[in-house]
Amino acid sequence: MRITKKVKQILDYYESDNPGTLANLCRILMHGKLGGTGKLIILPVDQGFEHGPDRSFAINAQAYDPHYHYKLAIDAGLSAYAAPLGMIEAGAKTFAGQIPLILKVNSSNSLMRKEAVPDQAITSSPKDAVRLGCSAIGFTIYPGSDASLDMISTIREMAEEAKSYGLAVIIWSYARGGDLTKDDETAIDVISYAAHIAALAGAHIIKVKPPTAHITQAEAKKVFEEIHDINISSLSQRIAHVKRACFNGRRIVVFSGGASKTMADVYNEARAINEGDGNGSIIGRNAFQRPREEALKMFTDLTNIYLGKM
């Protein structure tokens, strides 16, 4: 496999990593229909933990089967498949080597009290990732939560272990908790801050939500509007700003699909990500909650959007 110039440029940004980690990062970047372009589409299926199996899978009953998600990601020609331990284990032998795997190593659940501090439990380890042939671990942090400092400390230790085994590290950075409102969670200043924290914590790939034009922090508002007049009027401009916050584009940033939306909204969001030089989409519910053929068409269309063909 010959590495493209674009992927070589991205790998050069990761100056401290060992050959094993760079090889696994390269596998993700070179795999699938977008392989070699610097763009990624990843299927994450951790919603069973976060929302429960029925809220997640009843709308498309085939999705209760872990093999369904492996097949969907493989047949769609995606960059990688991400899931918690049990889901990965349930298909690890059958689908070994067919798609890069990301082991999601921490999770929460929606049965906890609404007043509980946003936090996640450690549900697997980098050793599990190596055993299962994964290319990376995925870890969620909640900047803004009263538990955020402990979460950041945990991923620092786990990232050190993962990198020593040659694994890449992906951080889901979702601002949540504390004094943040729902609108604050997707504010441009909060999203860029959360993404920057993930970069500082050693992430190779950073996952955040698409940012809105809302600005939460008063001091940040001065910076955006009064001092530097940063243009955040369109989603593509906000995507570009988030990339800038991640070491001036030296880190891979993908954007979550979020709650269910229309195909048109999914496509428009992807176009804005592409125009803003984001690295792609990590889409779960908006894929596996659709009928299989519809999901495959959506992934084909998203691939064409990121290739500039649609």
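In which loop is Asp277 found? Asp277 is found in the loop between helix H13 and strand S10 (280–282). The model is predicted: local features need pLDDT of at least 70, side-chain atom pairs count only at pLDDT 80 or more, and totals for chains, interfaces and linings use all residues. Residues are numbered from 1 along each chain as its sequence is written, and side-chain values use heavy atoms, with hydrogens and water left out. Helices (H or I, at least four residues) and strands (E, at least two) are DSSP runs, numbered from the N terminus.

**The barrel**

- Eight strands form a closed barrel in the order S1-S2-S3-S6-S7-S8-S9-S10, with parallel pairing; two strands pair if DSSP finds at least two bridges between them.
- On average, neighbouring strands of this sheet are turned by 25° against each other, direction ignored. Axes are lines fitted to C-alpha atoms, for helices over the stretch in contact, and angles run from 0 to 180 degrees between N-to-C directions.
- Helix H10 (residues 188–200) packs on the sheet and touches S6, S7 and strand S8 (205–208). The direction of H10 makes about 155° with that of S8.
- Helix H8 (residues 148–164) lies across S6 and strand S7 (168–173), running at about 175° to S6.

**Strand S3 and its partners**

- Strand S3 (residues 101–104) is joined by three bridges to strand S2 (residues 80–83), and the two run parallel. Ala83 has Leu103 as its bridge partner in S3.
- Three bridges also join S3 to strand S6 (residues 136–141), again in parallel. Gly138 in S6 is the bridge partner of Lys104, while Leu103 stands opposite Ile137 in S6.
- In a regular strand, side chains alternate between the two faces of the sheet.
- From S3, Leu101 and Leu103 point one way and Ile102 and Lys104 the other way, and all are buried (under 20% relative accessible area; exposed is over 50% and partly exposed in between, with a 1.4 Å probe and protein chains only).

**Ser124**

- Ser124 is placed in the loop between strand S5 (121–122) and helix H7 (126–131).
- Ser124 counts as buried because its relative accessibility is 6%.
- Leaving aside neighbours within four places in sequence, Ser124 is in contact with Leu85, Leu103, Lys104, Val105 and Met158; contact means heavy atoms within 4.5 Å.

**Packing of H12 on H13**

- Helix H12 (residues 235–245) and helix H13 (residues 263–275) pack at an angle of about 50°, with their axes 7 Å apart.
- H12 and H13 are therefore oblique to each other. Angles under 35 degrees count as roughly parallel, over 145 as roughly antiparallel, 65 to 115 as roughly perpendicular and the rest as oblique.
- Leu235, Ser236 and Ile239 in H12 meet Glu269, Ala272, Ile273 and Glu275 in H13.
- The residues of this contact of H12 with H13 comprise four nonpolar, one polar and two charged. Ala, Val, Leu, Ile, Met, Phe, Trp, Tyr, Cys and Pro count as nonpolar, Asp, Glu, Lys and Arg as charged, and the others, Gly among them, as polar.

**Loop residues with positive phi**

- Most residues other than glycine have a negative phi.
- Asn248, in the loop between H12 and strand S9 (252–256), has a positive phi of about 55° although it is not a glycine. With a relative accessible area of 63%, Asn248 is exposed.
- Asp277, also not a glycine, has a positive phi of about 65°. Asp277 is partly exposed, at a relative accessible area of 45%.
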